[in-house]
Amino acid sequence: MKLKYITILFILFIQMIGCKGLPEYLFLPQSLKIDLTPFLFRVYTPAELATLSNADYNLNESGLITSSKLSRFLSNWNNNRPSGVSGNLIVFQVQTSGGSGRYVFFDGKQVFAYPIPNLSELLSDVRDDGVLAIDGIVPKGKKISDFFSIYGIDPALDYIVFASDTTSLANLSSATFAYYSLLYWGFPKERLAVLNGSIADLTAAGSLFTTPSYNYANSNRAGNIKNLFRDHTVLQLTIGDLIHAIKNGNTILEEVDPIPAEGFQIIDGRPNASFTGTVNSTASGSKYANCTTKTNSTFVTNTCLVTYEGRIKSSTNLVPTDLYDGTTFQFKSFSQLQSYLNNTGYSSNKQIYIYGEDATKGSLVWFVVHQILGKPTRLYEGGWKQFGALGLRSPSSGSSPSAISQPASYWRTDIATLSESNTPNADANVPNYQLDVSRQFVKNSNKLRTEDKSFLRGTATAGSSGGGGGSPSGGGGNACGG
């Protein structure tokens with residue numbers, strides 16, 4: 001047995017000597033004919049994944065970039081690409097409603113651009129964390145792999161920009177969530193960017209060269225996210241992690257992360273009226289006109305309202321509309337963003353837990369705090385859509401029951417130790433989605449991260465449950481760097 005490990009270490013040493021300067025995907029366990037994948041992963045911390053922007057956004061090479069930087073990239077990618085990037089430039093024009101009719105000019109050789117109206121379908125999923133399934137959260141590994149295949153992306157080499165096609169909050173938040181999804185799945189932050197401003201506005205201002213016609217082109221290649229040997233799943237804050245932290249570690253929940261030694265702060269990234277519980281944070285939709293007839297353990301888009309309104313215990317409010325210009329949808333200056341964060345009472349070096357109404361909307365505030373201001377930050381993807389759904393009510397005959405029917409459920413959130421400013425929504429507006437009693441007393445909400453860690457390491461197929469999980473900290477690493 002000792003000889004086996006000595007042999008493996010020797011092979012790794014030889015590989016490390018010869019891999020300098022080579023792309024990450026060339027360092028493969030397969031090339032050694034030995035499955036070393038589970039041993040090669042580096043598990044990153046929120047601080048390591050944070051990006052501190054330059055005060056002058058024009059100087060950024062990744063994270064938040066400006067039209068001047070993108071124009072420079074587009075004009076001569078081969079000579080102007082960021083240091084350390086050897087692959088293609090790929091620009092996604094995010095279109096959630098209509099299109100600008102302007103398209104980024106690309107050569108179809110080293111630069112590619114795609115108008116993409118269905119980004120949410122490609123880079124989000126309805127997933128079950130073991131407590132309550134919810135839509136619009138980070139997708140399964142299979143979806144990420146499919147995304148790379150569809151658009152010819154090699155995650156070990158290429159540089160990706162997400163850009164709003166026209167100015168809208170929907171486009172901007174879709175771009176930031178797409179950025180979050182790829183970063184979560186191990187895509188290096190040094191090769192991810194969000195454009196500050198929209199293609200339409202920047203074209204009109206003469207800041208970006210575009211064309212009114214579009215011809216599809218694809219590099220016809222794709223790489224595998226698994227071969228980066230990077231585990232970024234720490235970005236996802238589970239509801240179990242959140243409850244465990246709020247209760248100062250006094251829970252019997254399983255596979256929850258330890259409370260950060262430096263402390264934590266919870267930031268509510270919703271409009272102030274939602275934060276104070278004075279408006280419905282999850283809008284009623286036309287899909288279910290009669291909420292009492294909807295029986296489901298999955299709380300999905302347009303499924304009427306959550307059980308109650310309010311906010312998570314001890315959270316402070318960082319209002320999303322304060323963070324960007326309401327006309328251009330460009331982010332405000334670095335100093336302004338820093339001031340808004342300071343106004344929440346943030347204490348330097350604390351880990352920040354952010355949530356919004358849902359994952360997409362919360363990702364915009366996450367992007368500001370984590371990828372512009374550079375603070376160690378995690379996103380509670382379930383958001384208020386999940387947290388506010390897990391309330392208790394005792395309905396009269398014919399009215400909607402709530403997800404929680406057991407007062408002592410481990411996941412009941414409408415209690416003074418977990419939430420504030422609680423206001424129940426009317427029975428008629430709450431869907432009938434009562435959870436099985438077994439779910440109300442399950443001790444683990446880490447199902448998604450367990451699945452994703454297993455997928456990355458090749459120990460389970462996408463979407464299956466398997467080993468892994470545990471505290472998102474530790475060492476390991478790609479022997480060729482990264």
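This is a predicted model: local features need pLDDT of at least 70, side-chain atom pairs count only at pLDDT 80 or more; totals for chains, interfaces and linings use all residues.
View 1. The side chain of Asp-146 meets that of Lys-142 in a salt bridge, with 2.9 Å from N to O. Lys-142 counts as partly exposed too, at 45% relative accessibility. Why are Lys-142 and Asp-146 separated by about one helical turn? They sit four residues apart in helix H8, which covers residues 141-151. The general rule is handy here: an α-helix has 3.6 residues a turn, so residues three or four places apart point the same way.

**View 2. A salt bridge between distant parts of the chain, Asp-257 to Arg-449.** These two residues form a salt bridge, and their closest N and O atoms are 3.1 Å apart. The pair links distant parts of the chain: Asp-257 is in the loop between H11 and S12, while Arg-449 belongs to helix H17, 192 residues apart. Are Asp-257 and Arg-449 buried or exposed? Both are buried. As a general point, side chains of opposite charge can pair when their charged atoms come close.

**View 3. Asp-268 with Arg-270.** Here's another salt bridge, with the closest N and O atoms of Asp-268 and Arg-270 lying 2.8 Å apart. Asp-268 has a relative accessible area of 0%, so it is buried. Arg-270 comes in at 1% relative accessibility and therefore counts as buried.

**View 4. Helix H11 under cover.** How many of the eight residues of helix H11 are buried? Eight of the eight are, so this helix, residues 239-246, is mostly covered. Among them are Asp-241 and His-244, along with Ile-239, Leu-242, Ile-243 and Ile-246. What does the covering? The list includes strands S12 (264-268), S14 (308-312), S16 (351-355) and S17 (377-379), plus helices H15 (383-387) and H17 (447-457). Look past the helix and you'll find Asn-248, whose phi is positive, near 60 degrees.

**View 5. An open sheet of five strands.** Read the strands in the order S2-S9-S8-S3-S5, and note that their pairing is parallel. Strands S2 (63-65) and S5 (111-116) stand at the edges with a single partner strand each, so one side of each has no neighbour in the sheet. From one strand to the next, the twist averages 25 degrees. Zoom in on S3 (residues 89-94) and S5, which pair in the parallel sense over six bridges. Which residue of S5 is the bridge partner of Val-91? That's Ala-113.

View 6. Arg-191 is found in the loop between helix H9 (169-184) and strand S9 (192-198). Its relative accessibility is 5%, so Arg-191 counts as buried. A polar atom of the Arg-191 side chain lies 2.8 Å from the backbone oxygen of Pro-155. Val-85 is 106 residues away along the chain, yet its C-alpha atom and that of Arg-191 are separated by 7.3 Å.

Note on methods
Residues are numbered from 1 along each chain as its sequence is written. Side-chain values use heavy atoms; hydrogens and water are left out. Helices (H or I, at least four residues) and strands (E, at least two) are DSSP runs, numbered from the N terminus. Buried means under 20% relative accessible area, exposed over 50%, partly exposed in between (1.4 Å probe, protein chains only). A polar contact is a pair of N or O atoms within 3.5 Å; within protein, one must be able to donate a hydrogen and the other to accept it, and residues adjacent in sequence count only if both atoms are side-chain atoms. Contact means heavy atoms within 4.5 Å. A salt bridge is a side-chain nitrogen of Lys or Arg within 4 Å of a carboxyl oxygen of Asp or Glu. Two strands pair if DSSP finds at least two bridges between them. Axes are lines fitted to C-alpha atoms, for helices over the stretch in contact, and angles run from 0 to 180 degrees between N-to-C directions.
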